[in-house]
Amino acid sequence: MKKYWKRADRNIHAWAFYDLEQKITYKAALAELNVEKVNPYKTSQECSQCGIIRKNHRRKDQFQCSCGYHDNADINAAFVIARRPSLVI
């Protein structure tokens, strides 16, 4: 029974992101904007300044790189995502 609930939670979680993606795509089309998908893999661990990826860079909501760069972890991840190439669909 426990595996079933974990799978159900995962499906509900995935549905919420899919729904958000559909709404963003719809609204962007109305505003004549392009939507580009980017692979979010390890964006919270990658430095937006030097590109080094290490698990210990992120501590809760703070990001501290060995190159000396530090910022809010979400802001750093947003810069990493903005720099990544879009996925071809």
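**Exercise 1. Find where Lys60 sits, and decide whether Lys60 is buried or exposed.**

Step 1. Lys60 lies in the loop between strand 1 and strand 2. Helices (H or I, at least four residues) and strands (E, at least two) are DSSP runs, numbered from the N terminus.

Step 2. This is a predicted model: local features need pLDDT of at least 70, side-chain atom pairs count only at pLDDT 80 or more, and totals for chains, interfaces and linings use all residues. Residues are numbered from 1 along each chain as its sequence is written, and side-chain values use heavy atoms, with hydrogens and water left out.

Step 3. Lys60 counts as exposed because its relative accessibility is 76%. The cut-offs are under 20% relative accessible area for buried and over 50% for exposed, with partly exposed in between (1.4 Å probe, protein chains only).

Step 4. Now check the backbone. Phi of Lys60 is near 55 degrees, a positive value in a residue other than glycine. Most residues other than glycine have a negative phi.

**Exercise 2. Find the loop that holds Glu32, and state its phi.**

Step 1. Glu32 belongs to the loop between helix 1 (2–30) and strand 1.

Step 2. Its phi is near 55 degrees, a positive value in a residue other than glycine.

Step 3. Glu32 counts as exposed, because its relative accessibility is 74%.

**Exercise 3. Work out the order of the strands in the sheet.**

Step 1. List the elements. The protein chain has two helices and three strands. From the N terminus they run α-β-β-β-α.

Step 2. The three strands form an open sheet in the order 1-2-3, with antiparallel pairing. The edges are strand 1 (58–59) and strand 3 (70–72), each pairing on one side only. Two strands pair if DSSP finds at least two bridges between them.

Step 3. Strand 1 and strand 2 (residues 62–64) are joined by two bridges in the antiparallel sense. Arg59 has Gln62 in strand 2 as its bridge partner.

Step 4. Helix 2 lies across strand 1, strand 2 and strand 3, at about 100 degrees to strand 3. Axes are lines fitted to C-alpha atoms, for helices over the stretch in contact, and angles run from 0 to 180 degrees between N-to-C directions.

**Exercise 4. Name the residues of the largest nonpolar core.**

Step 1. A nonpolar core is a set of buried Ala, Val, Leu, Ile, Met, Phe, Trp, Tyr and Cys residues joined through side-chain atoms within 4.5 Å.

Step 2. The largest has five residues: Cys47, Phe63, Cys65, Tyr69 and Ala73.

Step 3. Look at Phe63. Leaving aside neighbours within four places in sequence, its contacts (heavy atoms within 4.5 Å) include Cys47, Tyr69, Ala73 and Asn76.
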